Structure formats: structure tokens, C-alpha cells
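Thanks for coming. I have one structure to go through today, so please look at the screen.

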Amino acid sequence: MNAFNTIKYSRDPEIVQHLRPEPPSDWEAREMQGLDPLEYEIFTHKMHMIALEGKETTMKLGASTGMRWGDVAFGIYTAQGDLAVCATGIYHHAVLSQLPVKYLIKHLADDPTVGLKEGDAFFYNDPYYGGVHNADMGLCVPVFADGKLVCFIGAAVHTGECGGSEPGGMVNSAKSRYDEGLMAPPIKIGENFELKEDLLGLLATSTRDPRTMVLDIKARLAASRIAERRVHEFIGEMGADFYVGGLRRILQQTGEAARAKIATLNDGIFRQPRFIDTTGPEAALLKINLTVEKKGDRIKLILHGSSPMLPDRPMNTYFQGLIGMAMVYACGWLFPELPANNGLLEAVDWEFPEASFVNPQGDVPVSYAPATQVAFAQGMFMAGAKMTYATDPSRAVAAWHTGFAVTVFAGYNQWGEPMADITPEINATGAGGRPDADGVDVAGAFFATMSDCGDVETTEAERPFLYTFRNFFNNSYGHGKYRGGSGVGMGLKVHGVPMVGLGSMGFGSHFPPTLGVFGGRAAPPAFVQTVRGSNLDALMAEGTPELPRRLEELYTPGGTPEEGTRDYLRVAHAPDLYESGDTVYVPISGGAGYGDPLQRDPKAVADDLSAGRCSEDAARDVYAVVIDDRTGLADEAETQAKREAVRKARLARAKPYDAFVAEWSKLTPPAEILKYYGPWDGATAQEA
């Protein structure tokens, strides 16, 4: 364990408590009072455009999958380190990325061996401050006007390789943080507007893919310098006083507006436990015991009763990462009209149990923290739907897919270049059903709503894979009155190299990863199929027409003519070597359902069946819709009669609530899957 209070170079637990904005400085407080309203509105627009240009520049110049396809948050911070302006779809960075900046202000700015001056650049990726995992890396630069610090500018981006004991930024077998690779608190990597080659060399050789590492750093820096130039142009026109006061005003207004929005919701307590079916290397049950308490103009997140800390498994997550993920829900669905910055946290309180896997201490690993965080976020969707329905039902939506299906890879590509990263299909999940419409098919990633999964040809040109197909993964969603959107199913064949390492990160192979709301069904569990020693190359050369062109075709009667050693793996599994011609089939699932499937318009079911979005089994057994074999249309009269019979059967199975609770309380999962769970009938959300 780290001796936080006695060793200078240990992590700083005080800094991570500074998620909310700092008190305004005298300069900020004085200048934000006299801002002209019209000029201030123009200022806010210009700052957002500067940040947006920075984000787009970062994406254009970067090399990693995450950077090119939108896992980018580009921001402008106050001189005290608070993120006032952010261009992103990665909303958790909008309330987390201030922590490394505040660290360098506290520990490095006044240190005579480091210091802070114009032309400096700082790099960081310690997940304790970034809140997620080592693969999320950031860079910032200070901006001065007339010798006075006015702001910081920077970018937080997922770079796909960080040098852990397994490739791809996420270490399935990590037993401590020392298995997880590069882990840097803020360090100065640039002075006098130049990067330090010795430190670039250190960072590059700490990873399996040095070129991507360096290009991503330079992309962050180039975008930051462009934004810095834009800021200087504005200050040259309007002055540093206006600029400093304007940034602080943005934060103040955001906090005020967030509290006002929360105040419009009904007070209440909303409980939503969430379950995860893996610790990374093994299948087991974990619990995130979420309670959202809404009172007045604040909400409080309470996590007591969650599973204990995992001393040697990578599913742990720092509490600050969960706060950031709560803001993913808030920015996208609760506060969509407000700026994405840490001023939003003025309306949020939290209470996390010590030494739990949602608030760990010491040297435990956190490589799979993104999986735990998205499971928590799904609890936010579900609790949020209950919380908002009475006042704004349009915001009471079902969750997008939250189970992940991240394919990691490493080795050498077809051009002989080292590589280690993830595939972009993580950004191809389905959205949840809505109060008046189905979820959007292949909407993206809920935590990265502006991201993209890229095009197949770009990936094939740089990576040693041939896509055998990539299209809608039908029946991947939760059924309901309004179904979730479809995700993507894909087939990859190792191509052009002797071998490559492939693995996967995620959860949801045993327990549904994405639950529905208001009677909607869950997105189904999913798993990865692999075929070693595949004869697919020969079948393709022969022009065999029966090759699978959709993921579900692999599991239909008659199967596939592809032969080889076939395995079925959990979504979370460690990388292994695959040889040229081997194939891997991966599900990236859909969103959750909204409302009772028996309330779905029969015509919508028939349309989905005709379009291949729904199976005959689901139409018959889930939606109770009778389809005319000749016309393909729903028979309204027969459907109504069948649904009435289903409702009567439901009532026949019903029990008085007390009887149900008495019977349900006797049930328990097998002891072997509760190894890491904590007390099965133990702590509740109210207990410490």
C-alpha cells in the first residue's frame, strides 16, 4: 500500500478531491462582474469554436484508433486548472481532465527544477488523476499574456498501447498496477515550444507501438498550439481581463444552471444495483450498488454495498472515474443544453465506501476500469429514467449498449511495422429505446457520442486483418414497445502476416450487460467465436457462396462451411496468438428495450422481420405477433387474440408480493461465482 502522507512521491489523495471548480481568484471575481452580455455571448461561442478546432485537429493528426475515430476531449482550463470549455463526445473527460492540471499547479509550477513558463508542455497518463486507465493519456500547455498565466489548453485522448504486460492498453491478467505499463503523473516533456527528445524516447520505448505513441503526443501538442494562437488573437483584441473573467463566468453559470435543472425534478431516492459477470481473467459476479438521492437542487450518488476491492483483478475503478461517468449520462441526457465542464459538479455530491472495487486504495490494477464504469453508467440511465419520467418523459430513455466488446491486438502489420491498439468497432453499439421511438442502429458509443467506427478499408490498409463482414448484428438489442438499436457484428481474418496477438475486453457473456426500462427487455449476453486452422482462404478462393455474411448466420441451422478448431470465448479474455487465415467473430451489441414488448406496434415487428432486424422466433415468442406467411404482414386480429392469451398466462403466474419476496429471498447464486461479490444478503445502500 502507498504511504500517502509520508512519502513525497506517492499519489496525492488531496488532489483527486478537487473535482469541483476552485474558488475564483481575485482577478477572476473582479473581471467577471463587468462583462458586457453581448460580448460575453460572442466570447463563449469563440471559445467553443477554438476547442472544436483543437478537437478536429487532434483527430486529423493522431495515429491511434481512439484518436482518429473520436475518443478525444479538447479543452480550455482556467489558470487554476478548471475545465471551462470542452469540445468532446467523451463527457467523462470533461469533469476529470482538470485533475492532472491541478496536480501540476500544486506540485510542479513553483518547483525550481520544473517550473511553469510560456512554451512548456506537460504529458500525463496516471489513471489515479485521469480517473480511468493507463491508456487514457493527456497533454496540456500553459498560456500566458504579458507574463501572467491566463489558462491551460490540452487534449485527453485514448492511445491504444501503454506497454502493459498484455497489449492494447487493457491487461486482463493484471495483478497490480505494475502490470499495466506506463504510468506518468504530469511531467514536462516540452520547453521553449519544443519537445524534449530524451523524454519522447523514454515514452516511445515504454510501449509496443512507439510511432503511434509519439504521433499521438505530437497531435495533442500541435492542436494545443493552434488553440493557443487563437486565444492570443482573442486576448489581443479584447484583453486578458475579459478573457480570464469570461472563463470563470462560464463555470459559474454552468453550476447555477445545473442546480436549477436538478431543482425541477421531483425529490426521491432511486435505487439501481448493477451486476458484472467477470473479474477480467475469470467469470464471477460483482455488484455496483447505486442509489441516487435527489433533494432540492442537488443529487447524491451513494455506492455503499458494492463489492469489495479486488486485490489482484483489473476491474477496480477509482471513484473519480465513476463521477466522470455519471456526467456522461448527465451531459447527454440530463443537461444536454449546458456546457460540458466541471461546473456541473456543483449540483452533485457523492458517497463511496472505502476499500471497495469502486473506490480502491493502494496498488490494485485498474486496466478494466472502463468496463466497471460503463456498468455504473447503465445504472445511471436506469435510475435517471425513473428520476426524470414525471417531469420530462422524453429524457427517460433506455441505455445504449454498455457491455463493451473491445478487440485488442498487437504484433507487426503487413508493412512490417510494430502495432498495438484496439479495433474501432467499440464505437458501433446500438442506442436504447426511447419513449416514442426505437433506439438508433449502430449509434456509436454512449460514452463517446461523437465517435465513429471508421471504414473497413482504412483499417484493412493499416492492420493485418481482412473483414469477412461487418454489418448489423440482428437481435442484438433488447426487445420492447420500442426496441433498442442494433449493434454491429463483424468477422476478422488474420491476413498478410504469419501471426498476430488478439484478445478482448468487456463483460456480458453470462449476465445481460444492458437491461431495459419500464418492461423493456435486456440486450442478450454475447460471446466471441474463433476458428483456428480455418479453411476460409480456400473457401473464398473457390467462391463458395454459403460463407456467412452476418454474425447470426454462424448460429443458424446448417451453420457455416468454414472448418477448423472452433472455440467460444467470453467477451473478456486475454490475448493469444492467431496465425494467418485464422478467424475471429465479434459481437458489438445493441441497446436496451423500452416498455412492454406486447405493446409494440405489430406493423413495426413485421417491418423488422422483413428487414432482417428481428427473427421469426422473437416475433412469435417475444412480441406475440402473428405474421401472414404469404404477405409478410401482421394479422391484427390473430395478434390481438394471441397477446390477450399471453397476458392471461402472465396473470396466472402472478403471486402476491409478500409471497414473491419470501420465495425470492431464499435464492442464491452458486457459491463459486460469489467469490469476489461480498456478502450476498449483507450491506444495503444505506449502510456504511
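I will go through some strands, then a helix contact, then the aromatic rings.

One caution before that: this is a predicted model.

Let me start with strand β9, residues 283–295. Ten of its 13 residues are buried, so β9 is largely enclosed by the rest of the structure. What does β9 pair with? On one count, strand β8, residues 268–278, runs antiparallel to β9, and ten bridges join the two. Strand β10, residues 298–302, is also antiparallel to β9, with five bridges between them.

Now the turns. The hairpin of β8 and β9 has four residues between the strands, and there G280 takes a positive phi near 115 degrees. In the hairpin of β9 and β10 there are two residues between the strands, and here G296 has the positive phi, near 65 degrees.

Next, the helices. Helix α2 covers residues 37–61 and helix α8 covers residues 240–263; they pack at an angle of about 85 degrees, with their axes 10 Å apart. Angles of 65 to 115 degrees count as roughly perpendicular, and α2 and α8 are therefore roughly perpendicular to each other. Which residues make the contact? From α2 they are E39, Y40, F43, T44 and M47, and from α8 they are F242, Y243, G246, L247, R249, I250 and Q253. By type, the residues of this contact divide into seven nonpolar, three polar and two charged.

That brings me to the aromatics. The count comes to 26 aromatic pairs. One of them is F43 with Y243, an edge-to-face pair at 5.9 Å centre to centre and 85 degrees between the planes.

A second example is F319 with F352, a tilted pair, 5.7 Å centre to centre with 55 degrees between the planes. F319 sits in helix α9, residues 319–334, and F352 in the loop between β11 and α10, 33 residues apart. Are these two buried or exposed? The cut-off for buried is under 20% relative accessible area. F319 has 8%, so F319 is buried; F352 has 11%, so F352 is buried.

Last, there is an aromatic cluster formed by Y329, W333, F381, W400, F404, F446 and F447.

Terms used. Residues are numbered from 1 along each chain as its sequence is written. This is a predicted model: local features need pLDDT of at least 70, side-chain atom pairs count only at pLDDT 80 or more; totals for chains, interfaces and linings use all residues. Side-chain values use heavy atoms; hydrogens and water are left out. Buried means under 20% relative accessible area, exposed over 50%, partly exposed in between (1.4 Å probe, protein chains only). Two strands pair if DSSP finds at least two bridges between them. Axes are lines fitted to C-alpha atoms, for helices over the stretch in contact, and angles run from 0 to 180 degrees between N-to-C directions. Angles under 35 degrees count as roughly parallel, over 145 as roughly antiparallel, 65 to 115 as roughly perpendicular and the rest as oblique. Contact means heavy atoms within 4.5 Å. Ala, Val, Leu, Ile, Met, Phe, Trp, Tyr, Cys and Pro count as nonpolar, Asp, Glu, Lys and Arg as charged, and the others, Gly among them, as polar. Rings of Phe, Tyr and Trp (its six-membered ring) pair if their centres lie within 6.5 Å; planes under 30 degrees apart count as stacked, over 60 as edge-to-face and the rest as tilted.
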